[in-house]
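Please keep the sequence and the structure in view while reading.

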Amino acid sequence: MQEYSIQNDFIKLIALDYGATIHQLITKDKNGNNVNIVLGFKEKQEYRHNQEYLGASVGRFAGRVHESGFTLNNQHYTLLSNNGAHLHGGKEGFSFKTWKLETIHQGNDPFIKFSYTSSDMEEGYPGNLQVFCTYQLKKNKLIITYEAKSDKDTIVNLTNHNYYNLDGSGSILNHELMIASDKILTKDENAVADGDFMSVEGTHYDFRKKNKIGNQIKTKGIDDCYVLTNNDPLAVLYAKNTGIEMTVSSNQSGVVVYTPENFDENRFLNKPLHKYPAICFETQGFPNAPNQPHFPSVILKKGELYKNESIFALTVK
């Protein structure tokens, strides 16, 4: 498991080739102190097949797909299913592969570029898929770009699974959050998108106006796909303690927001960790889109380019 780092005057990023994972993301708070704003495991071996997908690149298909699989070009494809759903690309998705370092560029606008080749029918998906993951720092911005090409028609939905805490430890309940969305996808009993939508109005999912997360999340967290009404920004997260604000933008149609309730702090670099220690912004196409024709298409045609570009801008207030 190899570690690589890049930095500029605003941000330092430490990545691992296993899962093309972001291990640490360090920036300055309002007092000039370094803060690692993503959760990272203390021991790198913890990343192997970790259930949290911590900081990892997720694919070939992020999110849950119905246990029946999917049909493409009149051919049915069966996918591995657990608990009534196929999750994050299967038993051994891209998060649990060792990616190849393509390029590491230091200096102005530094970047790390990883690649992975997913063979035809790996985890049940058609087509040999060439995938690239690029982490680039441009001034105060982290730009995460996923690109993919296939030699057959296939489905693709890639994302990054960082767990953000702008205080670097503790809880995100004291963070303020805005999400540019007025509805979420509804789910069946196995947490698979069933094709319908639900308004966020009057629910704990409503962050159309910036609000303290703890004001909304009291007895139940979030693990849901928001339908975006705006992409720039699609979300804003702010921590008063550190003064760090993160603005999220993307070219994707949705964002899965996930707020795990508890983590064992002894596994993590970030200590202490309290209830609701982090929040994920998994920018992506809609989960289970292959089985919902009215959802935005996640089909990648042979020879065409898939691209997911998401920007995380960090400022201090």
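## Residues, fold and pockets

Asn36 counts as buried, because its relative accessibility is 13% and the cut-off for buried is under 20%. The model is a predicted one. Asn36 is placed in strand S4, which covers residues 34–36. Apart from its neighbours within four places in sequence, Asn36 is in contact with Gln24, Leu25, Ile26, Asn165, Gly168 and Asn270. Cys133 is 97 residues from Asn36 along the chain, and the C-alpha atoms of Asn36 and Cys133 are separated by 21 Å.

Thr186 is placed in strand S17, which runs over residues 181–187. With a relative accessible area of 18%, Thr186 is buried, because buried means under 20%. Leaving out its neighbours within four places in sequence, Thr186 is in contact with Val192, Ala193, Asp194, Asp196, Phe197 and Met198. The C-alpha atoms of Thr186 and Leu72 are separated by 23 Å, and these two residues are 114 apart along the chain.

**The chain as a whole**

The chain has one helix and 26 strands. The radius of gyration of the chain is 18 Å, close to the 20 Å that the globule rule gives for 317 residues, so the chain is as compact as a globular protein of that length. The C-alpha trace spans about 60 × 45 × 35 Å along its principal axes. Of the 317 residues, 58% count as buried. Taking contacts between residues at least 6 apart in sequence, 68% join residues at least 24 apart. The chain exposes about 13,200 Å², and carbon and sulfur atoms supply 43% of that area.

**Backbone details in loops**

Which peptide bonds are cis? One of them runs from Gly59 to Arg60, with omega near 5°. Arg60 is found in the loop between strand S5 (57–58) and strand S6 (64–66). The peptide bond from Asp232 to Pro233 is also cis, with omega near 0°. Pro233 lies in the loop between S20 and strand S21 (235–238).

Tyr53 is a residue other than glycine with a positive phi, near 55°. The loop that holds Tyr53 lies between strand S4 (34–36) and S5. Tyr53 is buried, because its relative accessible area is 10% and buried means under 20%. Ala191, again a residue other than glycine, has a positive phi near 65°. Ala191 sits in the loop between S17 and strand S18 (193–199). At a relative accessible area of 27%, Ala191 is partly exposed, because this class lies between 20% and 50%.

| Residue | Relative accessible area | Class |
|---|---|---|
| Asn36 | 13% | buried |
| Tyr53 | 10% | buried |
| Thr186 | 18% | buried |
| Ala191 | 27% | partly exposed |

Rolling a probe the size of a water molecule over the atoms shows where empty space is left. In this model, the largest pocket holds about 360 Å³ of space. Its lining is made up of 23 residues, and those nearest its centre are Arg64, Leu87, His88, Asp223 and Val256. Strand S17 (181–187), strand S20 (223–228) and strand S23 (254–258) are the elements that give two or more residues to this lining. S20 supplies the largest share of the lining of the largest pocket, three residues. By type, the lining of the largest pocket has 13 nonpolar, four polar and six charged residues.

The second largest pocket has a volume of about 290 Å³. Which residues lie closest to the centre of the second largest pocket? They are Tyr53, Asn82, Asn83, Ala85 and Leu87, out of 13 lining residues. Strand S9 (residues 85–87) gives the most to the lining of this second pocket, with three residues. The lining of the second largest pocket divides into six nonpolar, five polar and two charged residues.

Leu87 is named among the residues nearest the centre of the largest pocket, and also among those closest to the centre of the second largest pocket. Tyr53, the buried loop residue described above, is another of those closest to the centre of the second largest pocket.

How values were computed
Residues are numbered from 1 along each chain as its sequence is written. This is a predicted model: local features need pLDDT of at least 70, side-chain atom pairs count only at pLDDT 80 or more; totals for chains, interfaces and linings use all residues. Side-chain values use heavy atoms; hydrogens and water are left out. On a 1 Å grid over the protein atoms alone, a cavity is a set of points where a 1.4 Å probe fits but cannot get out, and a pocket is an open set with protein on both sides within 12 Å along at least five of seven lines; lining residues have an atom within 4 Å of a point. Grid points are joined across faces, edges and corners, and a volume is the space filled by probe spheres set on the points. Helices (H or I, at least four residues) and strands (E, at least two) are DSSP runs, numbered from the N terminus. Ala, Val, Leu, Ile, Met, Phe, Trp, Tyr, Cys and Pro count as nonpolar, Asp, Glu, Lys and Arg as charged, and the others, Gly among them, as polar. The radius of gyration is taken over C-alpha atoms; the globule rule is 2.2 Å times the number of residues to the power 0.38. Buried means under 20% relative accessible area, exposed over 50%, partly exposed in between (1.4 Å probe, protein chains only). Contact means heavy atoms within 4.5 Å. Accessible areas come from the Shrake-Rupley method with a 1.4 Å probe; for residues, only the protein chains shown count as cover.
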